[in-house]
Amino acid sequence: MNQKQRQQLLNMLLKKKEILLRDLESLQESSLVTDKVEEEGFTDTSLQSVSLGLLEHETRALHFIELAIRKLIDNENFGVCEECGGSIQIERLIAIPYASRCIECQSNREHQKNQNDFGYF
């Protein structure tokens with residue numbers, strides 16, 4: 001991966017981080033509104049459940065993005081598959097700049113997860 005591609009990926013990651021931080025702030029504000037509604041005696045557990053799920057998902061995504069930014073800046077294994085040690089294709093990194101596995105290893109992982117979800121071991 002050349003320097004221009006690294007800079008492009010860093011810019012993409014920083015933009016995704018900025019968007020996620022705004023989304024998280026918005027989710028936290030809506031959570032405060034939900035808490036206020038509950039104080040007044042109303043409950044909407046489905047709304048709370050969705051908000052909590054989104055908050056957890058966004059927080060996890062932010063963690064992976066920050067990790068990728070740190071690896072990219074520190075020149076520390078960015079673009080290297082954490083499973084097989086091979087290179088993650090640049091096309092994959094452009095699509096998912098915080099990807100930590102190559103397509104083959106990610107596919108294998110998802111296949112194994114799907115088998116386990118259906119009771120196959």
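I will talk through the fold, the cysteines and one arginine of this predicted model.

A word on conventions: residues are numbered from 1 along each chain as its sequence is written. Because the model is predicted, local features need pLDDT of at least 70 and side-chain atom pairs count only at pLDDT 80 or more, while totals for chains, interfaces and linings use all residues, and side-chain values use heavy atoms, with hydrogens and water left out.

The chain has 4 helices and 0 strands, taken as DSSP runs (H or I, at least four residues, for helices; E, at least two, for strands) numbered from the N terminus. Of its 121 residues, 23% are buried, where buried means under 20% relative accessible area with a 1.4 Å probe, protein chains only.

Turning to the cysteines, the count is 0 disulfides, a disulfide being a pair of cysteine sulfur atoms within 2.5 Å. For Cys81 the nearest cysteine sulfur is that of Cys105, at 3.7 Å, and Cys81 counts as buried because its relative accessibility is 3%. Cys102 is likewise in no disulfide, with the sulfur of Cys105 the nearest at 3.6 Å, and its relative accessibility of 7% makes Cys102 buried too.

What, then, lies around Arg92? This residue sits in helix α3, residues 90–95, and, leaving aside neighbours within four places in sequence, Arg92 is in contact (heavy atoms within 4.5 Å) with Ala99, Arg101, Cys102, Ile103 and Gln106. The Arg92 side chain reaches the backbone oxygen of Arg101 at 2.8 Å.

Notes. Buried < 20%, exposed > 50% of the residue type's maximum accessible area, 1.4 Å probe, protein only. Polar contact = N/O pair within 3.5 Å; in protein donor to acceptor, adjacent residues only side chain to side chain.
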